[in-house]
Amino acid sequence: MYDVVALGELLIDFAAVSSDGEGYPTVAAHPGGAPANFLAAVNRFGGKTAMIGKVGNDTFGRLLLGTLEKCGTDISGMRVTDEFFTTLAFVTFDGNGERSFAFSRKPGADTRLSFEEVDTTLIDKTRAFHFGTLSLTHEPARTATYRAVEYARAAGKLISFDPNLRRPLWSSLDEARGQMEWGLHRADIVKLSDEEAEFLWGMAPEEAAEKLVREYGVKLAFVTCGAEGCMYRNVRCSGAVPALGGLRVIDTCGAGDIFGGSAMARLLELDKPVSALTEDDLKYIGSFAAAAASLSTEHSGGIPSIREKDAVLKAMG
């Protein structure tokens, strides 16, 4: 039995570590992909996971599969293709560690996953199913995602969704908005960023969290606000928790995914229906996730930056 199965992209993040006098960056390769980062956090904090997706039969694809295995994620649902390269993302940072993305993905192997390649027995064996929007940008991965989500819903699985907006990957922002809306209407748990709340509805985080619960039927909503922490809401209560202060931020890449995976790990640990979570429960989940995400920004990369549980608990005080 798995705690979480995720479907989506597994890719390499080439993160800028310096630049020359002409502005050309020197980059370091890190394992990435939002669902993979999410699962790595679930694993780090005691969960059992599996991933469904596709990589190229190339050096980076093989490295990524090895990284997932080292994290403890079951890779039996991953497919390898000789036809397409593993997707590459190039990440640059401003003075505050905030990211800008460019992608080598025309097409990337992750977009070529078909539903016929999806091992639905993994979904049968999990408590929760997680997905994002990068698998909704192109066919056949879009249809594979649609059908996998509907399969998981029909099987009564807890559905987790992170819109994870990456503007350069969409043919239009209207298309991005439509696919994000599709996911929001099918999710029990949503992790939205303040940027995504503004993009979708022009709303502040607190308003967005309320909208997700009241209008979309989301059972548990988190809206993350970077260095300001996060808002949380279910049908019973709402509140906010701060991010950790006094940190030396190096790289925010993957912090939102680590927040989501950390929150999921703590939620499953409580073993309660999502709608029954109390204010104390939500504060505990949100505080832990915010601390884990905050600590990750002191290190480069997504998966490599996830700290041990004891370090997170210590930072929470």
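In the count of charges used here, Lys and Arg are positive, Asp and Glu are negative, and His and the chain ends are left out. On that basis the protein chain carries 33 positive and 43 negative side chains. The centres of these two sets lie 4 Å apart. The structure under discussion is a predicted model.

**The chain as a whole**

The protein chain contains 10 helices and 13 strands. Its radius of gyration is 18 Å, close to the 20 Å that the globule rule gives for 317 residues, so the chain is as compact as a globular protein of that length. Along the principal axes, the C-alpha trace spans about 50 × 50 × 40 Å.

How much of the chain is buried? Of the 317 residues, 56% count as buried.

| Helix | Residues | Buried residues include |
|---|---|---|
| H1 | 34–44 | Phe-38, Leu-39 and Val-42 |
| H7 | 205–214 | Ala-208, Leu-212 and Val-213 |

Helix H1 is mostly covered, with 10 of its 11 residues buried. Besides those in the table, the buried residues of H1 include Ala-34, Pro-35 and Asn-43. After H1 comes Gly-46, which has a positive phi near 105°.

In helix H7, the buried residues also include Ala-209 and Lys-211. Which elements cover the buried residues of H7? Among them are the helices H5 (173–184) and H6 (194–201). Strands contribute to this cover as well, including E10 (189–193), E11 (220–224) and E12 (230–233).

Ser-135 is located in the loop between strand E8 (126–132) and helix H4 (141–154). Is this residue buried or exposed? The relative accessible area of Ser-135 is 4%. Residues under 20% are classed as buried, so Ser-135 is buried.

Which residues does Ser-135 touch, leaving aside its neighbours within four places in sequence? Ser-135 is in contact with Leu-7, Gly-8 and Glu-9, and also with Ala-141, Arg-142 and Thr-145. With Thr-145 there is a polar contact of 2.9 Å between the two side chains.

Terms used: Residues are numbered from 1 along each chain as its sequence is written. This is a predicted model: local features need pLDDT of at least 70, side-chain atom pairs count only at pLDDT 80 or more; totals for chains, interfaces and linings use all residues. Side-chain values use heavy atoms; hydrogens and water are left out. Helices (H or I, at least four residues) and strands (E, at least two) are DSSP runs, numbered from the N terminus. The radius of gyration is taken over C-alpha atoms; the globule rule is 2.2 Å times the number of residues to the power 0.38. Buried means under 20% relative accessible area, exposed over 50%, partly exposed in between (1.4 Å probe, protein chains only). The place of a charge is taken as NZ of Lys, CZ of Arg, CG of Asp or CD of Glu. A polar contact is a pair of N or O atoms within 3.5 Å; within protein, one must be able to donate a hydrogen and the other to accept it, and residues adjacent in sequence count only if both atoms are side-chain atoms. Contact means heavy atoms within 4.5 Å.
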